[in-house]
Amino acid sequence: STSLSPVSPCCAMAEIKLDADITAEKVATAPIEGQKPGTSGLRKKTKTFMEGNYLHNFVQSVFNTLADMGVPVKGGTLVVSGDGRFWNKDAIQIIIKMALANGVGRVWCGTGGLLSTPATSAVIRARGKGFEAFGGFICSASHNPGGIDEDFGIKYNCENGGPAPEKMTDKMVEWTGKITEYSICSKLPEIDLSKPATYKVGDCSVEVFDCVEDHLTTLQKCFDFPLIAKMIARPDFTMNYDCMSGVQGPYAKKIVGEVLGAGADSCKNADPREDFGGKES
């Protein structure tokens with residue numbers, strides 16, 4: 001019989017102290033039309049998000065909404081990652097700086113700035129002792145094409161791992177229409193998202209962790225991995241997972257290719273690309 005050991009999140013991680021000024025700065029801004037999120041968040045052309053304070057306004061409106069609703073942001077833990085599309089890493093750096101400026105005590109980011117939407121939910125619900133994070137930002141426009149001339153998106157998931165309910169998104173929209181300033185720690189240096197590490201700055205921290213581990217641990221509780229591995233090991237069974245150059249690549253390679261034993265050649269287009277391979281793919 002096939003036996004698989006549960007994979008637990010790694011606890012040992014390099015700790016790096018950053019000598020940085022994280023004084024929160026107030027920056028004047030003004031409302032921008034069209035920042036109403038749908039059920040899958042706010043989606044616009046990438047260049048729209050890159051313009052001026054577009055991202056900053058929406059993120060600050062979310063923090064203002066959380067404050068109004070009594071969400072424990074001050075000293076709390078926030079998840080920030082995305083699907084790897086163009087401008088993902090840049091947006092994450094901005095959100096980290098704004099999170100610390102708004103009183104967040106700890107930010108969790110997946111390696112490479114990558115977390116799929118279900119993986120983000122798993123992190124919120126299961127990482128650490130479970131339900132440690134008060135919510136998370138996901139930089140994603142789901143199935144929409146990626147690239148500088150294509151789409152970008154952002155959505156907020158709550159403490160239960162699910163998307164923000166309508167009563168919350170309505171308040172976010174209200175704030176986008178009356179916002180006058182946003183907070184940011186502009187002097188915080190960029191965080192290296194390429195490998196797991198904990199960055200300590202003052203009383204705050206940014207933890208970059210393996211983007212696969214929590215999702216894998218959660219899946220192992222939901223599915224019979226030894227039975228699936230037994231099927232994959234059959235000589236009359238073959239499979240191919242096309243990751244479409246998207247965020248599923250790291251999960252497919254680790255879970256399907258390694259843990260379930262399908263092998264590296266079972267996954268194709270498994271390296272995330274900022275344009276998901278472009279139209280030619």
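In the predicted model, threonine 39 lies in the loop that runs between strand E2 (25-28) and strand E3 (42-45). The relative accessible area of threonine 39 is 79%. Because the cut-off for an exposed residue is over 50%, threonine 39 counts as exposed. A distance of 36 Å separates the C-alpha atom of threonine 39 from that of isoleucine 232, and the two residues are 193 positions apart along the chain.

Isoleucine 232 belongs to helix H7, which spans residues 225-232. Three residues of H7 are buried, namely Phe225, Ala229 and Ile232. In a view down the axis of H7, these buried residues fall within an arc of 60°, so they line one face of the helix. Leu227 and Lys230, in contrast, are exposed and sit on the other side of H7. The buried residues of H7 are covered by elements including helix H6 (213-222) and helix H8 (249-259).

The largest pocket holds about 480 Å³ of space. Its lining is made up of 27 residues, and the closest to the centre of the pocket are Ser142, His143, Met244, Gly246 and Phe276. By residue class, the lining of the largest pocket comprises 13 polar, 8 nonpolar and 6 charged residues.

For the second largest pocket, the volume is about 310 Å³. The lining of this pocket consists of 19 residues. Nearest the centre of the second largest pocket lie Lys26, Gln60, Asn64, Asn102 and Ser183. Two elements that each contribute at least two residues to the lining are helix H2 (54-68) and strand E8 (181-184). Helix H2 provides the largest share of the lining of the second largest pocket, with 4 residues. The lining of the second largest pocket divides into 10 nonpolar, 5 polar and 4 charged residues, whereas that of the largest pocket has 8 nonpolar, 13 polar and 6 charged residues.

Technical notes:
Residues are numbered from 1 along each chain as its sequence is written. This is a predicted model: local features need pLDDT of at least 70, side-chain atom pairs count only at pLDDT 80 or more; totals for chains, interfaces and linings use all residues. Side-chain values use heavy atoms; hydrogens and water are left out. Buried means under 20% relative accessible area, exposed over 50%, partly exposed in between (1.4 Å probe, protein chains only). The arc is that of the directions from the helix axis to the C-beta atoms. Contact means heavy atoms within 4.5 Å. On a 1 Å grid over the protein atoms alone, a cavity is a set of points where a 1.4 Å probe fits but cannot get out, and a pocket is an open set with protein on both sides within 12 Å along at least five of seven lines; lining residues have an atom within 4 Å of a point. Grid points are joined across faces, edges and corners, and a volume is the space filled by probe spheres set on the points. Ala, Val, Leu, Ile, Met, Phe, Trp, Tyr, Cys and Pro count as nonpolar, Asp, Glu, Lys and Arg as charged, and the others, Gly among them, as polar.
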